[in-house]
Amino acid sequence: QFSTLQLTAQTTGSIGGGALLAGQCATGTVTVTGVASSDALAVTPVTYPGASIWWDGYMSAANTVTVVVCAAVAATPTASNYNVRVIK
């Protein structure tokens with residue numbers, strides 16, 4: 001038996017725009033009421049941040065998702081807001 005999925009979506013403020021060394025990350029947070037560590041997260045940039053840049057998200061506190069934008073090599077990720085979708 002399947003339960004009904006619930007989707008909650010929020011958008012971060014701008015993350016990126018500053019130079020990062022290889023392995024360095026920029027972060028931003030967004031409030032997502034009711035997010036739990038067992039929920040699935042999908043994080044997508046509004047604007048492509050550039051080659052050699054990766055992003056991810058995690059629940060960092062009650063009702064809070066942190067998005068990390070990291071550089072594989074020294075680079076400046078394009079500043080972007082990030083869409084955060086929580087699937088319950």
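Tutor: Let's begin with contacts: residues 24 or more positions apart account for 72% of the contacts in the protein with a separation of 6 or more, where contact means heavy atoms within 4.5 Å. Keep in mind that this is a predicted model, so local features need pLDDT of at least 70 and side-chain atom pairs count only at pLDDT 80 or more, while totals for chains, interfaces and linings use all residues. Residues are numbered from 1 along each chain as its sequence is written, and side-chain values use heavy atoms, with hydrogens and water left out.

Student: Okay, sheets next. In what order do β1, β6 and β3 sit?

Tutor: General idea: two strands pair if DSSP finds at least two bridges between them. In this case three strands form an open, antiparallel sheet in the order β1-β6-β3. β1 and β3 (40–45) are the edge strands, each pairing on one side only. Neighbouring strands are turned by 20 degrees against each other on average, direction ignored; for such angles, axes are lines fitted to C-alpha atoms (for helices, over the stretch in contact), and angles run from 0 to 180 degrees between N-to-C directions.

Student: Which residue of β6 is the bridge partner of A9?

Tutor: That's R85, and R85 is also the bridge partner of A42. T44 has N83 as its bridge partner in β6. Overall, β1 and β6 pair over five bridges, antiparallel, while six bridges join β3 to β6 (residues 82–87).

Student: And where do the side chains point along a strand?

Tutor: In a regular strand the side chains alternate between the two faces of the sheet.

Student: What is the strand order in the sheet with β2, β5 and β4?

Tutor: That open sheet of three strands runs β2-β5-β4, with antiparallel pairing. β2 and β4 are the edges, each pairing on one side only, and the twist averages 20 degrees from one strand to the next. β2 and β5 (residues 64–71) pair over seven bridges; for V30, the bridge partner in β5 is V65.

Student: Which residue forms a salt bridge with D39?

Tutor: Side chains of opposite charge can pair when their charged atoms come close. The rule asks for a side-chain nitrogen of Lys or Arg within 4 Å of a carboxyl oxygen of Asp or Glu, and the count comes to one. That one joins K88 to D39, with the closest N and O atoms 2.8 Å apart. The pair links distant parts of the chain, 49 residues apart: K88 in the segment after β6, D39 in the loop between β2 (25–31) and β3. K88 is partly exposed at 34%, whereas D39 is buried at 14%.

Student: Last one: which residues form the nonpolar patch on the surface?

Tutor: Patches are made of residues with over 30% relative accessible area and no salt bridge; like charges are joined within 9 Å, nonpolar side chains (Val, Leu, Ile, Met, Phe, Trp, Tyr) within 5 Å. Here L5, L7 and I87 form one, with about 310 Å² of accessible area together. Accessible areas come from the Shrake-Rupley method with a 1.4 Å probe; for residues, only the protein chains shown count as cover. L5 lies in the segment before β1 (7–11) and is exposed at 61%.

Key
Helices (H or I, at least four residues) and strands (E, at least two) are DSSP runs, numbered from the N terminus. Buried means under 20% relative accessible area, exposed over 50%, partly exposed in between (1.4 Å probe, protein chains only).
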